[in-house]
Amino acid sequence: WGALNGKKCRHFHFMKADKDLEDAENVWNDLPEDMIDFIEKLPGLEIKSQEVKRVRTTDYEEQREESQLRLMQTMQLTEQRKLELLKQILENQQADQFRWIVQAVLTFIANSQGQKK
């Protein structure tokens, strides 16, 4: 998921986590070749001077927290939607099973009445 000025990001590349760097500070590690290749093949991006804005470095933490909150809300909505869909599937399955049982009982009754005649 990514966005730039309200536009969806179409270019993604996943890089495997490096356990050796997890809690390290001030270290350098060369990028894998596939990442370098990905970066080099990205299309250029034209930024018009009137669209350039000052980078707000003073409230970085606040911006980061807002982004994390939006991400968490999106994830919660996704999970909530999954639960709603699962509930709907279960209800449909239960309704199908109920209809099957009713049909079986009605068939049994019809067959029983037919045998009595």
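Helices are DSSP runs of H or I with at least four residues, numbered from the N terminus. The legends below use helix names in this sense and describe a predicted model.

**Figure 1. Overall view of the predicted chain.** The secondary structure consists of two helices and two strands, and these elements follow the order β-β-α-α from the N terminus. The radius of gyration is 29 Å, well over the 13 Å given by the globule rule for 117 residues, so the chain is more spread out than a compact globule. Along the principal axes, the C-alpha atoms fill a box of roughly 90 × 35 × 30 Å. Of the 117 residues, 2% count as buried. The accessible surface amounts to about 12,100 Å², and 56% of this surface belongs to carbon and sulfur atoms.

**Figure 2. Confidence along the chain.** The average pLDDT of the chain is 80, and 91% of the residues score at least 70. Confidence is highest in helix α1 (residues 33–41), with a mean of 91, and lowest in strand β1 (residues 3–4), with a mean of 48. Where pLDDT is low, the predicted coordinates should not be read in detail.

**Figure 3. The salt bridge between Glu-79 and Lys-82.** The closest N and O atoms of this pair are 3.3 Å apart. Glu-79 and Lys-82 lie about one helical turn from each other, because they are three residues apart in helix α2. Glu-79 has a relative accessibility of 42% and counts as partly exposed. Lys-82 is also placed in the partly exposed class, at 44% relative accessibility. A search of the whole structure finds five salt bridges, and the pair of Glu-79 and Lys-82 is one of them.

**Figure 4. The salt bridge between Arg-81 and Glu-84.** Here the closest N and O atoms are 3.5 Å apart. Three residues separate Arg-81 from Glu-84 in helix α2, which means a separation of about one helical turn. Arg-81 is partly exposed at 45% relative accessibility, and Glu-84 is partly exposed with a relative accessible area of 38%.

**Figure 5. The salt bridge between Lys-19 and Glu-22.** The side chains of Lys-19 and Glu-22 meet with an N to O distance of 3.4 Å. Lys-19 counts as exposed, because its relative accessibility of 64% is over the 50% cut-off.

**Figure 6. Asn-26 in a loop.** Asn-26 lies in the loop between β2 (7–8) and α1. Although Asn-26 is not a glycine, it has a positive phi of about 55 degrees. The residue is exposed, with a relative accessible area of 83%.

**Figure 7. A nonpolar patch on the surface.** The patch is formed by Phe-98, Trp-100, Ile-101, Val-102, Val-105, Leu-106, Phe-108 and Ile-109. Together these residues have about 850 Å² of accessible area. Leu-106, one of the patch residues, is located in helix α2 (residues 60–116). At 48% relative accessibility, Leu-106 counts as partly exposed.

**Figure 8. Lys-87 and Ser-112.** Lys-87 belongs to helix α2 and is exposed, with a relative accessible area of 54%. In sequence, Lys-87 and Ser-112 are 25 residues apart. Their C-alpha atoms are 37 Å apart in space.

Note on methods: Residues are numbered from 1 along each chain as its sequence is written. Side-chain values use heavy atoms; hydrogens and water are left out. Patches are made of residues with over 30% relative accessible area and no salt bridge: like charges are joined within 9 Å, nonpolar side chains (Val, Leu, Ile, Met, Phe, Trp, Tyr) within 5 Å. Accessible areas come from the Shrake-Rupley method with a 1.4 Å probe; for residues, only the protein chains shown count as cover. A salt bridge is a side-chain nitrogen of Lys or Arg within 4 Å of a carboxyl oxygen of Asp or Glu. Buried means under 20% relative accessible area, exposed over 50%, partly exposed in between (1.4 Å probe, protein chains only). pLDDT is the predictor's confidence in each residue, from 0 to 100. The radius of gyration is taken over C-alpha atoms; the globule rule is 2.2 Å times the number of residues to the power 0.38.
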